[in-house]
Amino acid sequence: MSLPRRKKTAGDAPKPRTVSRMAAVQALYQMDLAGTDAGEVIDQFMAARPEADKDEADAEGEALTSLEGGDATFFADVVKGVVRCQREIDPLVDQQLRTGWRLVRVDSILRAILRGGVFELLERSDVPARVTINEYINIAKAFFEADEPKVVNGVLDRIAHKVRAKEFETPGEGT
């Protein structure tokens, strides 16, 4: 017998790595749009802290660009890793997009989400592929209401099956 899953309540704080992934996507977006250096944007996110005297809307907006409750090391690893591996990441994503589409034509937030997810699939074997895919789908849902989360799911799933095929084998397969 298994215990029922506990439903999330409004008071549940996101996990540190979830916060870090969200901040990394926002940092990658900022770097893409403004041409900001990785070190500079990492420093900006590390320094940002919501102030207690701000009204709720301002504090919420500030929290989106801070690492409050996040894993700063993981955040920096994702941001630096995407920059370091971008020449490997972008062609992998291009191959998975619909014919005629290239990553440079994709919305910049979606591009940042895909790059972060692919980096983790390539370089962070300590994180199960299914966890990575699910986390980045949820990030896409935070920004988009249309088909973008499905695009993230499809692209990351296909790449994961290529670069982490062993995680998707059923017991007895491949032996």
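1. Helix H1 (residues 16-34) packs against helix H2 (residues 38-47) at an angle of about 135°, and their axes lie 10 Å apart. H1 is therefore oblique to H2; this class holds the angles left over once those under 35 degrees (roughly parallel), over 145 (roughly antiparallel) and 65 to 115 (roughly perpendicular) are set aside. Helices here are DSSP runs (H or I) of at least four residues.

2. This is a predicted model, in which local features need pLDDT of at least 70, side-chain atom pairs count only at pLDDT 80 or more, and totals for chains, interfaces and linings use all residues. Residues are numbered from 1 along each chain, and side-chain values use heavy atoms, without hydrogens or water.

3. From H1, Ala 23, Gln 26, Ala 27, Gln 30 and Met 31 meet Ala 38, Val 41, Gln 44 and Phe 45 of H2. Contact means heavy atoms within 4.5 Å. By class, the contact of H1 with H2 has 6 nonpolar, 3 polar and no charged residues.

4. The largest nonpolar core has 47 residues, and Val 79 is among those with the most contacts inside it. Such a core is a set of buried nonpolar residues joined through side-chain atoms within 4.5 Å. H4 (72-96) is one of the contributing elements and gives the most, with 10 residues. Leaving out residues up to four places away in sequence, Val 79 touches residues including Ala 27, Met 31, Ala 38 and Val 41.

5. Ser 108 lies in helix H5 (residues 108-123). Ser 108 counts as buried because its relative accessibility is 12%, and buried means under 20% (1.4 Å probe, protein chains only). Beyond its neighbours within four places in sequence, Ser 108 is in contact with Tyr 29, Asp 32 and Leu 33.

Technical notes. Axes fitted to C-alpha atoms, helices over the stretch in contact; angles between N-to-C directions. Helix = DSSP H or I, 4+ residues; strand = E, 2+ residues; numbered from the N terminus. Nonpolar A, V, L, I, M, F, W, Y, C, P; charged D, E, K, R; others polar. Buried < 20%, exposed > 50% of the residue type's maximum accessible area, 1.4 Å probe, protein only.
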